[in-house]
Amino acid sequence: MNGVAVGGHADASPVVTERQAAVTRRYDRMARFYDLMNGPMERGGVLERRRRMVGRADGRTLEVGVGTGRNLPFYAPGVELVATDVSARMLERARHRAAGLSIAVTLELADAQQLPYRDESFDTVVATCVFCSVPDPVRGLSELRRVVRPEGRVLLVEHVRPTNPVLGAVADVASVLTTRLMGPAMNRRTEDNVRAAGLEMLELRAEGIWREIVARP
Ligand SMILES: C[S@@+](CC[C@H](N)C(=O)[O-])C[C@H]1O[C@@H](n2cnc3c(N)ncnc32)[C@H](O)[C@@H]1O
């Protein structure tokens, strides 16, 4: 590992551990198809959101839930990047993508809910479309708060539960299926979770179900 030490969080509860194992298995299974399945979402605006947020990363940067590495092309030269995921198969795809881009990145298996890094060891922490899948998002976001420097930034792109009550209820029902079949929930209240994790939201761009959030500890 790249000069890191195991973080300070207590072990996850058995329920979270079990749910995480199921999520990890799903992403391992889905890794081969992930980019293909995500194509329409990328063209529907996610690509632009990635470019906008990831381009703001600066200094020593941690990306959690890097997946197949779709954000890698958007990091500015000079960013010192460590990128992590719980799924070895997704990480393998990210490794291929990084090789094709000749970008310097350290790829590591790590759970966002229990990051193996020292407190305040990153200038920027990035996560896109991750906290829909992490079983305990507040715990994960608290870990992001722990590892980012006090003057650093947490950059998030996430889809959230629709604010419209009817669509919100539809998302609740749909999430029963999406979490079982694929991994992500469609009804996460990420802004509330960010606050509950002790992060202060400095910027919030809301468009439909999408949120671009810049936060700090
Ligand atoms: C929907 S994909 C998003 C991948 C990538 N960030 C993107 O924008 O394309 C969610 C990713 O989060 C990862 N993941 C799920 N639970 C995680 C956890 N507890 N810690 C870190 N990564 C996790 C999954 O393995 C998967 O790669």
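Biologist: Which residue in β2 is the bridge partner of R60?

Modeller: R60 has E80 in β2 as its bridge partner. This is a predicted model, where local features need pLDDT of at least 70, side-chain atom pairs count only at pLDDT 80 or more, and totals for chains, interfaces and linings use all residues. Residues are numbered from 1 along each chain as its sequence is written.

Biologist: How many bridges join β1 to β2?

Modeller: Two strands pair if DSSP finds at least two bridges between them. Strands (E, at least two residues) and helices (H or I, at least four) are DSSP runs, numbered from the N terminus. Here β1 (residues 60-63) and β2 run parallel, joined by 4 bridges. β1 also pairs with β4 in the parallel sense, over 3 bridges. There, E63 stands opposite V126.

Biologist: Which residues have the most contacts inside the largest nonpolar core?

Modeller: A nonpolar core is a set of buried Ala, Val, Leu, Ile, Met, Phe, Trp, Tyr and Cys residues joined through C-beta atoms within 7 Å. Buried means 20 or more other C-beta atoms within 10 Å of the residue's own, with C-beta atoms placed from the backbone. The largest core has 48 residues, and V125, V147 and V154 have the most contacts inside it. Elements giving two or more residues to this core include α1, β2 (80-85) and β4 (122-128). The largest share, 5 residues, comes from β5.

Biologist: Which residues come nearest the ligand?

Modeller: A residue is near a molecule if its C-beta atom, placed from the backbone, lies within 6 Å of it. Of 22 residues around the ligand, Y27, G65, G67, S87 and A112 come nearest. Helix α1 (residues 14-54) gives the most to this shell, with 3 residues.

Definitions and conventions: A residue is buried if 20 or more other C-beta atoms lie within 10 Å of its own, exposed if 12 or fewer, and partly exposed in between; C-beta atoms are placed from the backbone.
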